[in-house]
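Hello,

Here is the structure I promised to pass on to you. Have a look at it first, and then read on for what turned up when I went through it.

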Amino acid sequence: MCPETSDGAKGPHLLTAAPESRAKRGTRPFLSALSDSRFSGRAAGPVLSFLILFFLFSLALLPMSLTGIDPITQHAKLVLAPPLTPGHVLGCDFLGRDLWSRLVTGSLISLTVGVSVGILSTTIGCLWGIVSGFLGHPWDPVMMRTLEIWYALPEILIATILMLVLGHGLMAVIIALSIGGWMGVARVLRSETLRLRDAVFMDAARALGVSPVRLVIRHFLPNVLPVILVMFLFRIPGGILGESTLSFLGLGLAPPAASWGVLVNEGWKALPVSAFMLLWPAGFIVLSLVSFQVLADRLAKHLGVSR
Amino acid sequence: MTRLVRRLFSSVVLLWAVFTLTFLLTRFAPGNPFAQGRHLPPDVMANLLKVYHLDRPLWVQYALTLRQTLAGDWGTSYKATGIPVSEIIRQTLPVSLTLGILAFGASLVLGMVTGLLIGIGPRRIAPAFRYATTLLVGLPSFLLAAVLIDLLGLRLGIFPVALWEGWQSTVLPVLALSIAPAGYLARVFAASMEETKESPFYRTAVAKGITPLRRILFHLVLPSLNAVLALVGPLAAAFLTGSFVVETVFAIPGMGRVFVLSVMNRDYPLIMGTTLVYTLFLTVAIIIGDLLQESADPRVRSL
């Protein structure tokens, strides 16, 4: 147990702190958020979300979940085949391509985009926020003004215009969405930095002559890690939603890449003849978005992070 | 007052930054806006580039475009040849604004009512609404639009599924645009009421035993509205992004559709014009939101 947890910093509160608020401080392992008996009544949502995400990720990552059917091979006889057609569980699309295998490859692409956007935008946001917070007076106002100015623009607007230059590849989508959506993270991290920068334990470490690098890594980062984790978890559905919106509009990934967004785009066009082409990818998108959201909310509550 | 001046100044900076960035991005974008799907003779191409000043050095183009933009001349569209950008915007902006204002009103009403139900509704119903809002926040607008079209448009045939003619055609787009923000608003409003319930003045009001209506209206709802006012800016952004999707889906001749098409067509003057209008609109929304928030709760001024 480090002496510099916030419990130590706010000594008097220890006497009055109710069990709940100690849980909010949260030094317990993250996963225990799921099985915490005190929340057992409310844990059903998070547990279900976790299972759904586990399913989606294993679908994306395990090669055996591929049905052995090539997702871009067209079967002329099976155009718009309904679900439960032998060999094609979810049916086929308007070109006779197997929807299940397209959905599985789509999972890989969409989740890759989501997680990558999460990592990249959280990293940019953390760097900006922490640097701004630590640098203090001459730089902090300048960096915050810049941030505020960018914050006014919606993610999709920035991403769309960036895509003009970046093209329509996977990396392009990831970079465009990350540059479009790091500002919220930076804002939160900066206020966290300002809160902790002059905390007693930081002063104590400084007084002991700890080097700045060690100060940040050993004393500062562990204390903002919960916030960073929660922000990261909130950014992943943002990335998935951003990708699917861009692809739906025809501005993101282009076919034959089959992300969930591209599949929804195709399904949308085929809606008059078959609802299934839209239903499957749409269901996956909603499931993943809601699951990430619920899990992130739960984690935020468990770790005592308020957005 | 100084705050307002500073705000206005930073809006000008934002407009300039967006102008510069859009200019640079469009000029560095790979591909030629005039050679999409067709081959033009070299002299025709040279003429086209000359007409639009694309053969000049970059900084000359920049200065020229900036001066023209400031003077109100936003150039002519590359794709819809000869039609000025300002004319296209003049025709499509009212449609988008109507859609946006209707959606804003709808989401405000829906969100506040749902928020109230979560906050002070019967114990049996409140959780259901809470879960519903979680689901709604994760529901992309294009899916909502698809469901609405399929259910209310095609199956029941109550509302037209596309275009922008008569009030009936506004119902589905407005719903598609406003339901997700309404869910978000409800969540924020409910959370804010939850917070207000903890405050000393609310507990005092309960202890005093004033009538429930007065207590709820003046001691719970009114103080909790600040959190809703803080959402004006984000909501504007949400409606803007939503309008890209909804206008495309419902084939509404609004600015969102023009923007998406202009990006697809690499129609640089049109991209520039729509982006600048959007930026202006967003900064105005944010300033209005800030002013409302400040007048409602002077404490935010010190932040």
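This is a predicted model: local features need pLDDT of at least 70, side-chain atom pairs count only at pLDDT 80 or more; totals for chains, interfaces and linings use all residues.

The contact between the two chains draws on 34 residues of chain B and 33 residues of chain A. On the side of chain B that touches chain A, the elements giving two or more residues are helix H1 (2–28), helix H5 (126–137), H6, H10, H11 and H12 of chain B. Of these, H1(B) supplies the largest share, eight residues.

One of the contributors deserves a visit of its own: helix H6 of chain B, which covers residues 141–155. The helix has 15 residues and spans 20 Å from its first C-alpha to its last, close to the 21 Å expected at 1.5 Å a residue. Where is H6(B) kinked? The kink is centred on B:Ile149 and amounts to about 30 degrees. B:Ile149 is also among the buried residues of H6(B), as are B:Phe142, B:Leu143, B:Leu144 and B:Leu148.

Helix H8 (residues 200–208) of chain B is another matter: it is hardly covered, and the count of buried residues among its nine residues is zero. After H8(B) comes B:Gly209, with a positive phi near 75 degrees.

Most residues other than glycine have a negative phi. B:Ala251, however, is not a glycine and has a positive phi of about 55 degrees. You will find B:Ala251 in the loop between H10 and helix H11 (255–265) of chain B. B:Arg266 is not a glycine either, and its phi is positive at about 55 degrees. B:Arg266 sits in the loop between H11 and helix H12 (268–296) of chain B.

Which of the classes buried, partly exposed and exposed do they fall into? B:Ala251 has 14 C-beta neighbours inside 10 Å, so B:Ala251 counts as partly exposed. B:Arg266 counts as buried because it has 20 C-beta neighbours inside 10 Å, and 20 or more is what the buried class requires.

Enjoy looking around!

Best wishes

Methods
Residues are numbered from 1 along each chain as its sequence is written. Chains are lettered from A and ligands numbered from 1 in the order in which they are written. Helices (H or I, at least four residues) and strands (E, at least two) are DSSP runs, numbered from the N terminus. The expected span of a helix is 1.5 Å times one less than its number of residues. The bend at a residue is the angle between axes fitted to the seven residues ending there and the seven starting there. A residue is buried if 20 or more other C-beta atoms lie within 10 Å of its own, exposed if 12 or fewer, and partly exposed in between; C-beta atoms are placed from the backbone. Two residues are in contact if their C-beta atoms, placed from the backbone, lie within 7 Å.
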